[in-house]
Amino acid sequence: FSAALAPTRWSWEILLCDDGSRDATAEVCRRLERELPFCRFIPSAVNRGRGRNVSDGFLHSRGTFVGFADADASTRAFYLLPLLDALGSGFDMAQAHRTYKLNPLDLPFIFHRVVAHVVYAALVRRLLGLRGHDTETGFKFFRREAAMRLIEMSEHSGWFWDTEVVANAHRLGMRVAEVPSLFVRTKGMGSTVRLLRDSWSQFRALVAHRRRHGAGLRRDCCSG
């Protein structure tokens with residue numbers, strides 16, 4: 001990210017948010033914090049869930065724009081620039097919309113990530129009326145005031161948080177931009193997603209959200 005942002009006029013900080021990891025992640029983050037003046041480490045002794053971890057990072061941040069990217073760098077940092085341009089032009093939220101670069105020999109990944117993504121997107125369209133959105137992308141950025149409002153509304157601390165913030169942004173009439181991006185699997189990086197358990201949890205959260213809030217989303221707030 002520093003390389004992508006260096007030629008721009010913006011100042012920035014990178015927060016390294018550890019969600020109760022049990023390996024050497026915290027040690028690596030502390031080393032980066034010592035070595036890089038724009039890095040800050042936000043530790044957590046326990047695993048609180050993706051949504052809570054990201055929200056905590058936002059609350060610790062100091063920027064006009066805030067956002068997050070998954071640590072596996074599957075969405076490359078240079079996609080950040082068009083997202084920031086969208087926020088600067090008046091959008092409240094901007095996110096990457098992934099197209100997967102596939103290796104036909106990597107069947108476990110295709111099933112685990114791509115098929116699950118397609119099925120879940122269909123459910124989101126059906127139950128929430130969100131059409132054409134990559135709700136689960138791990139590359140979302142916001143104007144600070146929009147992020148704080150969405151955190152206040154949030155009811156979920158886990159993986160469903162990603163879908164929830166997109167749905168709530170539409171419900172509030174926020175302007176949401178999506179930028180096409182290429183998802184490239186990073187070698188050696190596994191996934192913390194447990195397909196069956198997490199898929200069932202996502203489905204239950206999706207149905208519960210529909211029951212509480214319906215699917216009456218505004219259609220005039222989006223840009224591809």
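The legends below describe close-up views of a predicted model.

**View 1. Strand β4 and its cover.** Strand β4, which spans residues 93-100, is mostly covered in this predicted model, with 6 of its 8 residues counted as buried. The two views that follow take up the strands joined to β4, namely β5 and β6.

**View 2. The pairing of β4 with β5.** Strand β5 comprises residues 139-143 and is joined to β4 by 3 bridges, the two strands running antiparallel. Within this pairing, M93 stands opposite F142, a residue of β5.

**View 3. The pairing of β4 with β6.** Strand β6, made up of residues 176-183, runs parallel to β4, and 8 bridges join the two strands. Here H97 has P180 of β6 as its bridge partner.

**View 4. A patch of positive charge on the surface.** Four arginines, R125, R126, R131 and R210, gather on the surface in a patch of positive charge. One of them, R131, belongs to the loop that lies between helix α5 (107-128) and strand β5. R131 counts as exposed because its relative accessibility is 58%, and the cut-off for that class is over 50%.

View 5. The loop between β2 (39-42) and α3 (50-60) holds N47. With a relative accessible area of 58%, N47 is exposed, since the class begins over 50%. From N47 to G57 the separation is 10 residues in sequence, and in space the C-alpha to C-alpha distance is 14 Å.

Terms used: Residues are numbered from 1 along each chain as its sequence is written. This is a predicted model: local features need pLDDT of at least 70, side-chain atom pairs count only at pLDDT 80 or more; totals for chains, interfaces and linings use all residues. Side-chain values use heavy atoms; hydrogens and water are left out. Buried means under 20% relative accessible area, exposed over 50%, partly exposed in between (1.4 Å probe, protein chains only). Helices (H or I, at least four residues) and strands (E, at least two) are DSSP runs, numbered from the N terminus. Two strands pair if DSSP finds at least two bridges between them. Patches are made of residues with over 30% relative accessible area and no salt bridge: like charges are joined within 9 Å, nonpolar side chains (Val, Leu, Ile, Met, Phe, Trp, Tyr) within 5 Å. Accessible areas come from the Shrake-Rupley method with a 1.4 Å probe; for residues, only the protein chains shown count as cover. A salt bridge is a side-chain nitrogen of Lys or Arg within 4 Å of a carboxyl oxygen of Asp or Glu. Lys and Arg count as positive and Asp and Glu as negative; His and the chain ends are not counted. The place of a charge is taken as NZ of Lys, CZ of Arg, CG of Asp or CD of Glu.
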